Amino acid sequence: MNTYLFAYGTLRPGCSLYRLIEPAVNWIHPVTTQGSLYHLRTGTDEHPIYPVADLISGSGAIFGDLLSVDGDSLEFEYMDQMEVGAGFEPITIRVVSSLDFSSIDAIGYHYPYLRGPKIESGDWKKVLTRG
C-alpha cells in the first residue's frame, strides 16, 4: 500500500533518522504545509535537539519532503510506533508541491504538548546548516 508521509524534521533525507524509513521510500518530493515548527522543549537554533510541529493551529509555513512509502513495510510500522510512542499524533494534512504547487493529502505527525522556541524559518534543515 502506497502511503504519503510529510517529513519535516529528523525523518527528512539527509537528517539523522531518515535511515530508519529509507528502505521503504519509493520517491521524495519537496513540499510545504501550514503549521508552526518548534524546537522540542529545551532545544534552540544554536543547540537543536529535534523539531516538533503544530499542524493544527500553527499559522506559518513548514518546509519538508513528501515521502511516498510502502505503508505495509516494517520500516513504516516501526517509524509510526516510534513517533506515536514519543507523543506525536498522526493526522491527515494537505501538502503543496514546492515545484508545481499541486496539493495532496499526507500523514503528518502533530505534537500537541509543551514546545520550545519557534523555528521562524519553518525549515529544520536550515537550523542544521547554521552550525
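In this predicted model, Phe6 has a relative accessibility of 2% and counts as buried. Tyr8 is buried as well, with a relative accessible area of 6%. For both residues the value falls under the 20% limit for burial. The structure holds four aromatic pairs. Phe6 and Tyr8 make up one of them.

Tyr111 and Tyr113 form another aromatic pair. Here the centres are 5.5 Å apart and the planes 80° apart, an edge-to-face arrangement. Tyr111 is buried, with a relative accessible area of 3%. Tyr113 is partly exposed, at 46% relative accessibility. Together with Phe88, Tyr111 and Tyr113 form one aromatic cluster.

Helix α2 covers residues 74-85, 12 residues in total. At 1.5 Å a residue, the helix should span 16 Å. The end C-alpha atoms of α2 are 16 Å apart, in agreement with that expectation. The buried residues of α2 are Phe76, Met79 and Glu83. These three cover an arc of only 65° around the axis, so they sit on the same side of the helix. Leu74 and Gly85 are exposed on the other side of α2. The buried residues pack against four elements: β1 (2-7), α1 (18-21), β4 (60-70) and β6 (103-110). Gly87 follows α2 and has a positive phi, near 100°.

Charged side chains were examined next. The count comes to four salt bridges. One of them joins Arg12 to Asp65, with the closest N and O atoms 2.8 Å apart. Arg12 lies in the loop between β1 and α1, whereas Asp65 belongs to strand β4. The pair therefore ties together parts that are 53 residues apart in sequence. Both partners are buried. Arg12 has a relative accessible area of 7%, and Asp65 one of 8%.

Asp54 forms a salt bridge with Arg115. The closest N and O atoms of this pair are 3.9 Å apart, which falls within the 4 Å limit. The bridge links distant parts of the chain, 61 residues apart. Asp54 lies in strand β3 (residues 51-54), and Arg115 in the loop between β6 and α3 (124-129). Asp54 counts as buried, at 5% relative accessibility. Arg115 is partly exposed, at 25%.

Asp105 forms a salt bridge with Arg94, the closest N and O atoms being 3.0 Å apart. Asp105 lies in strand β6 and Arg94 in strand β5 (residues 89-97), so this bridge ties together parts that are 11 residues apart in sequence. Both side chains are partly exposed. Relative accessibility is 40% for Asp105 and 45% for Arg94. Salt bridges with shared partners also join Arg12, Asp65 and Asp123 into one network.

Methods:
Residues numbered from 1 in each chain as written. Predicted model: local features only at pLDDT ≥ 70, side-chain atom pairs only at ≥ 80, totals over all residues. Heavy atoms only, no water. Helix = DSSP H or I, 4+ residues; strand = E, 2+ residues; numbered from the N terminus. Expected span 1.5 Å × (residues − 1). Buried < 20%, exposed > 50% of the residue type's maximum accessible area, 1.4 Å probe, protein only. Arc of directions from axis to C-beta. Contact = heavy atoms within 4.5 Å. Phe/Tyr/Trp six-rings, centres within 6.5 Å; stacked < 30°, edge-to-face > 60°.
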